[in-house]
Amino acid sequence: MTDQTQDHADHGQPSPEHRRPDGVDDATVEALGKLSAALDHVEDARGHLYAFHRLCGSAETTLEEATAMIRDAGHADLADALDADVLGRNPLPGMWSFQMVESYDDGYYAAAKGLQQRALDELVEGRRHLFEAEMKQLRRTQGRSGHEATPEDVTG
């Protein structure tokens, strides 16, 4: 087949990197789809952890400003308590939020991402989102605008 004939034959089909390799069964594709969904949750958790990290930093800065204002307003005892008991305090024992982020990234996150990649490499030649690509192919209305298989199939 020429490249042009191949392009025409592939029109309306998922791109090659989203097609299951020969010999891969439905159970494997479904299991990898579930693993992909699990990793989406791991990524979401990571995003929330980073948001927590940013919020802790903002809270620390704002609390420092509030402590200074409380001191300036003549409430030194309360400002001293904020300085001693809250400012600079670890949100978790021995850890500021940057340490939580590093621990998560280097531990749980790295292990989960690494094993997902291993599963993809060993089971489907490294191809990602096969389950989702097949779901898209089943659900889309072929030939209808907005339901194209790939960006290359969009006309206009």
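Leu-39 touches Ala-112, Lys-113 and Gln-116, leaving aside residues up to four places away in sequence; contact means heavy atoms within 4.5 Å. The model is predicted: local features need pLDDT of at least 70, side-chain atom pairs count only at pLDDT 80 or more, and totals for chains, interfaces and linings use all residues. Residues are numbered from 1 along each chain as its sequence is written, and side-chain values use heavy atoms, with hydrogens and water left out.

**Nonpolar cores**
- The largest nonpolar core has eight residues: Leu-39, Val-42, Leu-49, Met-100, Val-101, Tyr-104, Tyr-109 and Ala-112.
- α2 (26-72) and α4 (97-124) each supply at least two residues of this core.
- α4 gives the largest share, five residues.
- Apart from this core lies another, of seven residues, including Val-24, Ala-119, Leu-120 and Val-124.
- A nonpolar core is a set of buried Ala, Val, Leu, Ile, Met, Phe, Trp, Tyr and Cys residues joined through side-chain atoms within 4.5 Å.
- Buried means under 20% relative accessible area, exposed over 50%, partly exposed in between (1.4 Å probe, protein chains only).

**Helix packing**
- α2 and α4 pack at about 165°, with axes 10 Å apart; axes are lines fitted to C-alpha atoms over the stretch in contact, and angles run from 0 to 180 degrees between N-to-C directions.
- α2 is therefore roughly antiparallel to α4 (angles over 145 degrees).

**Ala-81**
- Ala-81 sits in helix α3 (residues 76-85); helices are DSSP runs (H or I, at least four residues), numbered from the N terminus.
- Ala-81 is partly exposed, at 32% relative accessible area.

Definitions and conventions: Angles under 35 degrees count as roughly parallel, over 145 as roughly antiparallel, 65 to 115 as roughly perpendicular and the rest as oblique.
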